Amino acid sequence: MYAKAYAKINVFLDVLGRREDGYHDLKMVMLPIELHDSISISVLPYSPHSSVVCDHIELKATKYNMVNKTLLAMKDKYSFDENFTIVVHKEIPIAAGLGGGSSNAAATMKAIYSILKIEDTLDSKLALAKSLGADVPFCLLNQPALVEGIGEKITPIKLKDNWYVLIVMPDVGLSTKDVFEKADTMELGHGNADDVINALVKGDEEALGKAMFNSLQAVSTSMNPEIQPIIDLMKSDGVSAVMMSGSGSSVFAISKNKMKLQKLFILVIS
């Protein structure tokens, strides 16, 4: 079976505080995008173990990655005996704030539900997804949404228009864990998610550019000096809706005007 694992961007990310369990309460507006990893998965007969292979050089030696974690969690929950061979082709940059690992987990979940014909409620599936990571429930639903709590409270958003996205990845990525640890030592700003949602619903690009907010952007730019110059360059060509995604380090521009982003792409690579 072949599955697509779609990336996401955060057009709004507000860190509301650190919880006693070490997680953070978040308020996010997230959009799935067409950028995706490709996952091939099939039952591996007569084998006592599953085989997971990834073609990304930095992940080849990783045995306990999100796909393996998902397989173990699903076996524990549903008590099936089948093992699988899984091949992951990476297109989503790692350490980019684009949800690559979470999307791989969600795509693996969907594929196993389909292959083994496992029936379960959506709430039960989302609870399993939450146990795997904060972004996995969103990736499982794969639709524009307001995401709250530690990722488990999801309210879908209906967009008026299609949007185009240009993503620029610095040479150096950032660890989500490291970014949040530094964020805990800093005073973070806060934004207004309602303004972002209203702009998306109305298709108002100028209002979206003004409302987009990321609590972690100042933290991540202090850790990776490549980020801010990319933001400044992308905004210099008249594109207002530019921001870092997630904990970084990727930067995106979003617009309803495809030609505008194509022109910006030429500027960025020149």
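Entry 1, terms. I take a residue as buried under 20% relative accessible area, exposed over 50%, and partly exposed in between. I note also that this is a predicted model.

I first looked up Phe 265, which is found in helix H10. At 40% relative accessibility, Phe 265 counts as partly exposed. I then found that Phe 265 makes a nonpolar surface patch together with Ile 266 and Ile 269. The area of this patch is about 310 Å².

I examined several of them individually.

I found a salt bridge between Asp 161 and Lys 256, with the closest N and O atoms 3.5 Å apart. Asp 161 lies in the loop between strand S6 (153-156) and strand S7 (164-168), and Lys 256 in the loop between strand S10 (251-255) and helix H10 (258-269), so the pair ties together parts that are 95 residues apart in sequence. I looked up the accessibility of each partner. Asp 161 has 27% relative accessibility and counts as partly exposed. Lys 256, at 34%, is also partly exposed.

I recorded a salt bridge here with the closest N and O atoms 2.7 Å apart. Both Glu 181 and Lys 177 lie in helix H5 (residues 176-183), 4 residues apart, which is about one turn of the helix. Is Lys 177 buried or exposed? Lys 177 has a relative accessible area of 56% and is exposed. Glu 181, at 42% relative accessibility, counts as partly exposed.

I classed Glu 205 as buried, because its relative accessible area is 14% and the cut-off for buried is under 20%. Lys 260, at 27% relative accessibility, counts as partly exposed.

I looked up the largest pocket and recorded a volume of about 1300 Å³. Which residues lie closest to its centre? Of the 46 lining residues, these are Ser 102, Ala 134, Asp 135, Thr 176 and Lys 177. Lys 177 is the residue that I had already listed in a salt bridge with Glu 181. The elements that give two or more residues to this lining are strand S1 (2-18), strand S2 (24-43), helix H1 (66-78), helix H2 (100-115), helix H3 (122-132) and H5. By residue class, I recorded 20 nonpolar, 17 polar and 9 charged residues in the lining of the largest pocket.

I recorded about 540 Å³ of space in the second largest pocket. Its lining has 22 residues, and Pro 32, Ile 33, Glu 34, Trp 163 and Val 165 lie nearest its centre. S1, S2, S7 and H10 each supply at least two residues of this lining. Which element gives the largest share of the lining? S2 does, with 5 residues. I classed the lining of the second largest pocket as 16 nonpolar, 3 polar and 3 charged residues.

Methods
Residues numbered from 1 in each chain as written. Predicted model: local features only at pLDDT ≥ 70, side-chain atom pairs only at ≥ 80, totals over all residues. Heavy atoms only, no water. Salt bridge = Lys/Arg side-chain N within 4 Å of Asp/Glu carboxyl O. Buried < 20%, exposed > 50% of the residue type's maximum accessible area, 1.4 Å probe, protein only. Patch = residues over 30% accessible without salt bridge, like charges linked within 9 Å, V, L, I, M, F, W, Y side chains within 5 Å. Areas by Shrake-Rupley, 256 points an atom, 1.4 Å probe, with all protein chains shown as cover. 1 Å grid on protein atoms, 1.4 Å probe; cavity = no way out; pocket = protein on both sides within 12 Å on 5 of 7 lines; lining within 4 Å. Points joined across faces, edges and corners; volume = space filled by probe spheres on them. Nonpolar A, V, L, I, M, F, W, Y, C, P; charged D, E, K, R; others polar.
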